[in-house]
Amino acid sequence: MDYQTSAILAKYPRGQSDCLIPILQDIQEEYGYLSETAVVEVGRHLDLPSSKIFGLATFYNQFRFEPRGRFHVSLCHGTSCNVAAAPEILRELEKILKIRPGETTRDGMFSLEILACMGACHLAPLIRVNDNYHTKLDPGSIGDIIDSYITGEE
Amino acid sequence: MIVKIEVNSKVIKAQKGETIMSALKANGIKIPSICSMKDFTPTGACRMCVVEVEGSQGLVPSCSQPVNEWMKIKTHSPQVIKARKTIVELLLSNHPDDCLYCVRNGSCELQALAEELNVRERRIMGRKNKYKLDHSSPSIVRDPSKCILCGRCVRVCDEKLSVFAIDFVNRGNRTIIGTAYNKDLNFSSCINCGQCIMVCPTAALFEKDSLPELEDALHNPEKTVLVQYAPSVGVTLAEEFGVKPGKDISGLINAVLKKIGFERIFDTSFAADISVMEMTSELLARKNKKENMPLLTSCCPAWVKYVEQLYPDLLPFLSNTKSPQQILGSVLKSYYPEISGIAAGSIYSVAVAPCTAKKFEAQREEMTKKGISEVDLVLTTRELAKLIKLYGIDMNQIEPEIADDPYGMRSSAGKLFGVSGGVTEAVIRTMPHVSGAREPSRVKYQELRGGKGKKEAEIRIGKTTYRFAVVSGLSNVLPLLEDIKAGKCEYDFVEVMACMGGCINGGGQPVGSDENAVKARMKALYSIDEREIIRFSHKNPKVNELYNNHLGGLPGEKCKSLFHTTYSARKVLL
Amino acid sequence: MSEKIHIPVEKEYLVNNVLLNESADLPVEVEKILRFVRKDKVKHPVIMVGTGSCGLISGAGETLLEINKYLLDRDIKADVIETGCTGYCSLEPVVDVHLPGKTRISFKNVSAEKLPFLLDSMLNNIVPHEYVVGQYENPSLELWKDVPLIGELPFFAMQYRNLMKNWGRISPHSIEEYIAAGGYRSYVKTIRNYTHEEVCDIVEKSGLQGRGGGGFLTGKKWKIAHTAMADQRFLLCNANESDPGGFANRSMIESDPHRLIEGLVIAAYAIGTSRAYIYIRSDYITAINRLEKAIDRAQYYGLLGYNVYGSGFNIDIIVSKGPGAFVCGEETAMISSIEGKRGMPSPKPPYPAISGLFGKPTVVNNVETLSNIPAIFENGPDWFMSLGNKTAPGTKILTLSGKLNNQGIIEVPLGTKVKDIIFGAGGGVPAKKELKAVQIGGPSGGFVTSENIDIPYDFDSLASVGIYMGSGGMLVLDEDCCIIDTVKYFMDFIQKESCGKCIPCREGTRRMLEVYENITKRPVDENGHATLERFKGVMQLESLASVIKDTSLCGLGQKAPNPVISSLKYFRNDYEEHIFDRECSAGVCKELRLFYIDVEKCTGCTACAPKCPVSAIIGTKRHPFFIVEEKCTGCGICYDVCKFNAISVK
């Protein structure tokens, strides 16, 4: 077990299954996703089978099972965003990044997810890339935004 | 306390606190349900059991709603029937249309409900979820496309077996029943017991089909196909032909198997007698040396896999005696060619078992010699029934026959292996003989019989007192295992069967059997024992013949190589 | 930067002179000091930035940095304070400037670039009128000339701000400001003077109903849990707000976290528990930070923990971060989630008030319900009864979105007419468009048509037209909006968020969605049979909806068909148009559109043909092209690429 995982687990009492979600959140915070080895370790700590942990994690939107990309793109899909072309933006993102929500590009640059509603309806439609918001988007501008991160990286 | 409720304008009596469903059942009103299971808390998932209750908003699930005094219930109003029918139609709208090709055609609960509710038209249509078949396991095939997510398999696996191999994965209409990280079943902690198949309403879970392979062997002129069938198969097979549970048709099975074309028909109970001999001497030897006590039985391959996965530290406690199936398999490929004149290489050894884990056991590396399996193929009781039907044999028109010499001979002690507690009873009966003590005054050990998950007995043999425990349903064994780990276990011998009640309720038995069926099967085995002349394994003349003529007595080096095995820790995703 | 908030008084002072003072009015000299604490009066310039999530997304973070830089560069002594949101989302980022002796004045859309100009002007006593929102009235301070009073702006004028009283006024980071604004006094008084039963009685008497949408009497719920025999009880606060377009709870926590905490601890006292959970969506990062910080501060002030102010009451608050599932707003699902399981609802009975979290009596209250509690104890239950209407006392927070001039969060007395909300605070429909419908309650709600827009906004009135209030979303649709498309969106949301446990909701919601998908797209290859199937789908919609409503396990499923039922009832025409004419007159359902090429205008430039994803455009170069109707999917790509305006919708 690596240092970070054991440090996280050390914060929580053994065998208490109501700590499962907080632990998984901490692990995802640390690694960006839930790896198989981490889940087995968590299971050992809480005395839970990995099938139950996996079953739980797949239920919730928050948990990922692939590492995040260096740039994590979150698309808001609230009511206002839906009215304001969020579906087109999703299509555009999928086309440009060649991944579906929940996935990460093969080079590890980008990952994509859909959020229920970010609660910024007056700025719809919007995406968040890591901590930057891009608001009042039109589908045509997605390519440029993604490009700006690629060039920024180089 | 008794309360009165009004059902369909008729007053009936109910127990205060019981659910509507149970009150209705007690009064002869059947309410359909998919997710509810006896002895499990209701989950309220399927909504098939809804009824109309005056004053309630919407319909009320009868499985979880307790009765109230003077509750007014309608069980089959138009609103209720429409709801139930719609629910079935919704399930069908996401179900493959291949009833005619389905392994559960005729025994499918969804099919039965569609029929009961008179679904005659495809009203609801839409996209269907398609998933790959999971063929990875040697025992169990998963077909998530046919799964209706009742969750019964998950509950059995968790609550009765404590295996936790599967759970609900994903959410909403993308939910499937899957293993951790959606691995193939083979890489999961599944122990192949097949109890999930027993509770599956559809063909989302079924045993690996071995019939094509068997037919190839049967029609291969270079193969001599021998068959053995397990003790419990005799008392359950009849149910597949519409006979009510509890009828022993071993004689018919002998006849039928011959008709199908098996060269020799043997009884696995014979090998159970050998297993009793071996285990007894193992127990006495360990008790003398005071090491690795208690002795944990090893005839249940699901249980063995469980220990290998979860309690590798306890492997030394497992008896290293092979299971009866593998003992006979090993005899058939080693000694039998010598006495029968059949070439060892041409022998194709088949076992009929009440169990899906036996398919896995036959494939274990430890169960092969020089790359050749001791048992080539394992059929479940259900598959045997299919085979009989396939060969067009009318069970009503045949006469019973006896199994073939020499391994058709058994004691009734060996036959008791089919029921939880039977192994222990057989061992107790033989212990005085092996230890040289006086024969005990009784043959029957009532305290080890019956449907309880854990039974125990304390018996004095010679000058020593032995403590026996019998556990069935793996969940019941956990406290014991923790005790052993902590060095606190006081038993000398612990019999463990993964399935509740033992092999008579195994994962390869007829589906749709309830508690009463299991009781009837149990009774059938015990009444065979009552009527039997040879009730001790060591009194089976053929067993003695084998030991004396071939193996040089008990315990010998030859016995060790033929009848004993080893185990090793197994890495799976726990 | 924001950490450097200047606090003029010590903890001991506030505890001894304010919190432990149980008289109705505080001594004048204390009140005088408190005025400075809550920045009613300032000694040097105070600049406040609304840094709720909506503000931050609009760029308030950058504005804040710019302010600090500005002050540092010029060496100006001023306090910079982060406040919550005012509810007027479309004005974000909002910056308030409070100069000594003058009233506080509020500016809109202050991006980082505009900031220096704004401060240059204001610090020289010049009001840049183009950015002004208004000024806050304060009798003891001098008013700015020609600046409207905030309370008189249409957006604010019709509101009754009880829950939102402190929004944008005080810093959510400062417990001192909350205490100075009257906070925590009722709590301390309550736990030191009232019995558990008395507290339940007061709340029951106030008539407060659960604001999660169900409308059950809160005091009654507490009583059930309080009287249930148990060694432990639990209180859960539902902050899992996840319906699209609903973010009022988030703003409540971000703008005034202590109000929630105070309500929560009073409720905990009432039911007799020492453990309260706040189940909050994990992606509400700002809200979680503020909440956790507020809990720390309350702990520091001795308001939480062991034997609070010698009352014998112990209370611990645990922030439980919900990992994202709409269904976890349902109480039994939330309990499962906190226990560390899949958030799937379980059948009721047993009700959580009898057997909930870890099998113990559990009360689940919504953020808004609990935030109402402090004021009830401050002003008395009769005061609360006097707000709102007879069947539904109190106020309700609403989220206004869609085709409205003013979008944002408002608070109105229950029973206010929907019409007054839309045309009052909402400022009406922009661009002189016709109002088509008001969608209330999000995915569990329904539609109010322009005809019955006079309906009062309260539980019973809405229920009478089949609408479930839900968490207070109000989405305004104008003539350019398509009802079918809106329902389709909600069905898509619901079928994605269905937990999958019970069959009617799991399978039924997606079948309903598919019906909508079918009628909003033009079948590429429609033979007689397919038309028939499409028809049958719609015919079944109503029957399917009623079964899902009748049989689903939890509220999510039972209410899932509401938008369908409501739209079928009031917007039959829209359905007929989509089904029979295969037309969406609002032009929203793109896949129903058909394009044609005007032969007069087409130059045969071939720009469109290669772009057509289904190769529906044929023709020869330099001659007019045309579109094969049977193939066209109405995607509109050709329309976008045509440089000669030759392509239009049929």
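Here is a chat about some chain contacts, helices and strands in this predicted model.

Colleague: Hi, I'm new to this one. What kind of model is it?

Modeller: It's a predicted model.

Colleague: Okay, chains first. How many residues do chain B and chain C put into their contact?

Modeller: Chain B brings 31 residues and chain C brings 31 residues.

Colleague: And which helix gives the most to the side of chain B that touches chain C?

Modeller: That's helix H2 of chain B, residues 78-93, with eight residues. As for the make-up of that side of chain B, it's 15 nonpolar, 11 polar and five charged residues.

Colleague: What about chain C and chain A, how many residues are in contact there?

Modeller: There, 29 residues of chain C are in contact with 28 residues of chain A. Two elements give two or more residues to the chain C side: helix H3 (53-57) and helix H14 (331-338) of chain C.

Colleague: Which element gives the most?

Modeller: H3(C) does, with three residues. The side of chain C that touches chain A divides into 11 nonpolar, 12 polar and six charged residues.

Colleague: Switching to helices inside chain C. At what angle do H12(C) and H15(C) cross?

Modeller: Roughly 80°, and the axes of H12 (residues 257-271) and H15 (residues 367-379) come within 7 Å. Angles from 65 to 115 degrees count as roughly perpendicular, so H12(C) is roughly perpendicular to H15(C).

Colleague: Which residues meet there?

Modeller: From H12(C) you have C:Arg259, C:Leu260 and C:Glu262 among them, and the H15(C) residues they meet include C:Val367, C:Leu370 and C:Phe377. The residues of that contact come out as nine nonpolar, three polar and two charged.

Colleague: And helix H11 of chain C, how many of its residues are buried?

Modeller: Eight of the eight, residues 248-255, so H11(C) is largely enclosed by the rest of the structure. The buried residues include C:Arg250 and C:Glu254, along with C:Met252 and C:Ile253.

Colleague: Now strands. In chain B, which way do the residues of S16(B) point?

Modeller: B:Leu377 and B:Leu379 point one way from S16(B) (residues 377-380), while B:Val378 and B:Thr380 point the other way.

Colleague: Why would they alternate like that?

Modeller: In a regular strand, side chains alternate between the two faces of the sheet.

Colleague: Are those four buried or exposed?

Modeller: All of them are buried.

Colleague: And how many bridges join S13(B) to S16(B)?

Modeller: Four bridges, and the two strands run parallel, with S13(B) covering residues 347-353. For one pairing to look at, B:Val352 has B:Leu379 in S16(B) as its bridge partner.

Note on methods:
Residues numbered from 1 in each chain as written. Chains lettered and ligands numbered in written order. Predicted model: local features only at pLDDT ≥ 70, side-chain atom pairs only at ≥ 80, totals over all residues. Axes fitted to C-alpha atoms, helices over the stretch in contact; angles between N-to-C directions. Parallel < 35°, antiparallel > 145°, perpendicular 65-115°, else oblique. Contact = placed C-beta atoms within 7 Å. Nonpolar A, V, L, I, M, F, W, Y, C, P; charged D, E, K, R; others polar. Buried ≥ 20, exposed ≤ 12 C-beta atoms within 10 Å, placed from the backbone. Pairing = 2+ DSSP bridges.
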